[in-house]
There are 4 protein chains.
Amino acid sequence: MLKVRLPLGACARSWKSVRMASCGVARWNPLANKVALVTASTDGIGFAIARRLAQDGAHVVVSSRKQQNVDRAVATLQGEGLSVTGTVCHVGKAEDRERLVATAVKLHGGVDILIYNAAVNPFFGNLMDVTEEMPQTALLTKAVVPEMAKQGGGSIVIVCSVAAYSPFPSLGPYNVSKTALLGLTKNLAIELAQWNVWVNCLAPGLIKTSFSRMLWEDQAREESIKAAMQIKKIGKPEDYANYITGETVVVAGGTPSHL
Amino acid sequence: MLKVRLPLGACARSWKSVRMASCGVARWNPLANKVALVTASTDGIGFAIARRLAQDGAHVVVSSRKQQNVDRAVATLQGEGLSVTGTVCHVGKAEDRERLVATAVKLHGGVDILIYNAAVNPFFGNLMDVTEEMPQTALLTKAVVPEMAKQGGGSIVIVCSVAAYSPFPSLGPYNVSKTALLGLTKNLAIELAQWNVWVNCLAPGLIKTSFSRMLWEDQAREESIKAAMQIKKIGKPEDYANYITGETVVVAGGTPSHL
Amino acid sequence: MLKVRLPLGACARSWKSVRMASCGVARWNPLANKVALVTASTDGIGFAIARRLAQDGAHVVVSSRKQQNVDRAVATLQGEGLSVTGTVCHVGKAEDRERLVATAVKLHGGVDILIYNAAVNPFFGNLMDVTEEMPQTALLTKAVVPEMAKQGGGSIVIVCSVAAYSPFPSLGPYNVSKTALLGLTKNLAIELAQWNVWVNCLAPGLIKTSFSRMLWEDQAREESIKAAMQIKKIGKPEDYANYITGETVVVAGGTPSHL
Amino acid sequence: MLKVRLPLGACARSWKSVRMASCGVARWNPLANKVALVTASTDGIGFAIARRLAQDGAHVVVSSRKQQNVDRAVATLQGEGLSVTGTVCHVGKAEDRERLVATAVKLHGGVDILIYNAAVNPFFGNLMDVTEEMPQTALLTKAVVPEMAKQGGGSIVIVCSVAAYSPFPSLGPYNVSKTALLGLTKNLAIELAQWNVWVNCLAPGLIKTSFSRMLWEDQAREESIKAAMQIKKIGKPEDYANYITGETVVVAGGTPSHL
């Protein structure tokens, strides 16, 4: 299979596409011929990112743990004329990770972009389970990087949570595992720079989704979480694009900034 | 003058346009009918941002301290078919600030976006001069916010420097004034949220431009600055879009994260 | 057993004692009648902290994985006239955690201070092993907090590493597990405030010890690590007390600051 | 004048004394023969620090803008048997800065420690006034460093505010000037390392003092500020020593950590 690739250019563009998810802007094709894997992408923020990457021209492989959810997401996005396929993937299983990568390589000749969606990993569960998240992220990265290196580079975005910084009350294991992902991002960025693989992290705040329902389902709980997170109202998904404020984005090739 | 406006949507879009500057992607018009002021924009990063905002459909008012530089930038961008005008503006002068805002209001009926480019303020000069930067930014913001409020909201981006976090050697006053801008961003974001004005900061790293020449002009100095900033090579302007790595972008409505 | 306790006062004092470790200052007894558990404390920084707490008047229980190391440390410190006992403790084993706490309660009637020394956990090992560190810290905390609550409060200090922020090259799992401890500190501080248990973290930098030898054993490696950590020379243990510079210490009751 | 000095040891010890202020622990003399300048030290936190340094054995020079306040503070501390003198000092005036340093040199032969108390600079005033704080701090440092260098090193602590990170509502100029001091600390630490001068920052949170009265004087305002600062209650001065929680202290010779 012959592909014309712009290896470096793709990185920033995929990163940008992630942030543009759900903006609803007009079509353009900066990711034409790029191949993107998105985990936990049959619903919510993962689904929105997958759609955006496909709208930007990428071939997208969606995945989640249940076949019926994968089927539904693929059908929806194909119905919009997008280049989307899917496969079941439980990132904790080696064979699932391998199948995910192999699917992309077989269909599209390689992998340029990996979006690892850790925002929707279960809130509860015991500590031991939760700490598997970090190794799983590392292991999926390990499976993908050789394919990116073959293309001359790639872009990895870990979708984390603002709870990494400002803990969600009563969700300690979730919060701490997200903090660990901040460290993983920094370490992977340093290690993978030699292959022109950029690694960044997205920390979404609290949005009213079915996933976060338990945090705002009654009035008292909503007031308490708003105070804890220092926000005046909990965003709706459609507000998402207007939810960056008071932030600094560093564009500095890995120069130490804040954590 | 009658304008159809999408007050909130504009904010995230302008922010995104800033980050897309110099990406060279295909034309789209997410900022159609938006009005953007960009300071220190007749060269370098300011110019690149102004061009990108205009390519995205905005009416852009460029400015800098010298008429001939303004004329040259306006001619270049108008030659590319973009909606660009310009005015001389020394942000430290009240009448210049007022004229900048008035120009936008007169020509286009309002202001939606302000890009305050502080990255290229002089490296040297005495401490007292440098600390004027923060009040000037605040004063220009003050002049612009009423116009944004009339439109239902707006977006302000302060272009700062990674030196705010990792000091450039021997440039203490520059570095500290940039750190102050991080604080200003956070304070303005809180104060201006009531008018739907979002305030963010962009911290570019070291790039090989004429402005930064003194930091890398001889081999020894280049090695020393690369060690200080922990980068393997100093980026060129065209690398800029691939220069984000190891970073976390927080999209959380102002929830406390890192500074 | 009857003890006069100053429950709150003890917290700041234990914290201070940790930082005073190896300062070699004159004797005083701010921790008289306090009971302190210190893990991984038969050598290096853990041993220095245990000694300092005992010099400040506390009854100290040292521990590590090997009986002979415990015996040696106890003999040394008792030989200095200090109130020190010891027990073998592998923090990953529930029975060891329980025995550690039970030892303190049996001998001294309670626990006021816990120093969890995670700085010297193994550099290598696979990802899955390393991520046990965070749950182990949480589990030991869980075992200790009821005893602290009975006394009206207590103080927990997690000894982490600056690698949590600035990765040690090639030691990703170590680095990321330390980042996770930053998050754990923040979460525990919030959760345990209701029992007047303060939780803080100490992030030591690179010091020339036997533990860190692999990072500086040849000249090339030493130059590379100094560049990565941005230090002019690697500290010796005796420099330790003079090794805080460029830092901000926040004394603000948990107000969000940096991570 | 002949003095036996332990130049490096003094640094960490003065830093520790600052944190011990108001702890009320037993007397010891780690700062014997050391000379400390403390600005804005005739009341509140500055006074508490001055007292602690003197209790630890230092010769202390207190200062503030009014002669009668200086006289009162000196009389109080001398009445406690401490080695304290005083001089009027408005840090914004060159002759006052010089007199402050000269007083210490004349009486005690040098300067080892400078505590610059910026926490109590006026809340209000126009932006231009407030931004003088950073240059003033730099200028006083400049006046003191040659004296420290003569002694082989020294320690500077800038007393800032947690508002540098978490803005006090409606006090933008105060907040931003405190953020600038974080940057100044980092820059000075790098620049002054060559003379063994350590520079650190202390960021106290909100405490019920006369200075902060306007932030909590009525019930509604107190509730609002507690929510903004994410604290359950506003500390009293005597709680101060127990007010560190959820924090990480980095002891790493200047390795980049958080800002």
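Visitor: At what angle do helix α4 and α6 of chain B pack, and how far apart are their axes?

Guide: The model is predicted. Helix α4 of chain B covers residues 94–108. It packs against α6(B) at an angle of about 25 degrees, and the axes are 9 Å apart.

Visitor: Is α4(B) roughly parallel or roughly antiparallel to α6(B), and is their crossing left-handed or right-handed?

Guide: The angle is about 25 degrees. Because angles under 35 degrees count as roughly parallel, α4(B) is roughly parallel to α6(B). The crossing of these two helices is right-handed.

Visitor: How many nonpolar, polar and charged residues does the contact of α4(B) with α6(B) have?

Guide: On the α4(B) side stand B:R97, B:E98, B:V101 and B:V105. They meet B:L139, B:L140, B:A143, B:V144 and B:E147 in α6(B). By class, this contact has six nonpolar, no polar and three charged residues.

Visitor: Which strands of chain B does helix α6 lie across?

Guide: Helix α6 of chain B spans residues 133–151 and runs at about 160 degrees to β5(B). The strands of chain B that it lies across are β1, β4, β5 and β6.

Visitor: Which strands stand at the edges of the open sheet of seven strands?

Guide: The order is β7(A)-β6(B)-β5(B)-β4(B)-β1(B)-β2(B)-β3(B), with parallel pairing. Each edge strand has a single partner strand, so one side of each is left without a neighbour in the sheet. Neighbouring strands are turned by 20 degrees against each other on average, direction ignored. The edge strands are β7 (248–251) of chain A and β3 (84–88) of chain B.

Visitor: What is the bridge partner of A:I156 in β6(A)?

Guide: Five bridges join strand β4 (residues 113–117) of chain A to β5(A). Six bridges join β5(A) to strand β6 (residues 197–204) of chain A, and these two run parallel. In β6(A), the partner of A:I156 is A:V199.

How values were computed. Residues numbered from 1 in each chain as written. Chains lettered and ligands numbered in written order. Predicted model: local features only at pLDDT ≥ 70, side-chain atom pairs only at ≥ 80, totals over all residues. Pairing = 2+ DSSP bridges. Helix = DSSP H or I, 4+ residues; strand = E, 2+ residues; numbered from the N terminus. Axes fitted to C-alpha atoms, helices over the stretch in contact; angles between N-to-C directions. Contact = placed C-beta atoms within 7 Å. Parallel < 35°, antiparallel > 145°, perpendicular 65-115°, else oblique. Left-handed = near helix turned anticlockwise from the far one by under 90°. Nonpolar A, V, L, I, M, F, W, Y, C, P; charged D, E, K, R; others polar.
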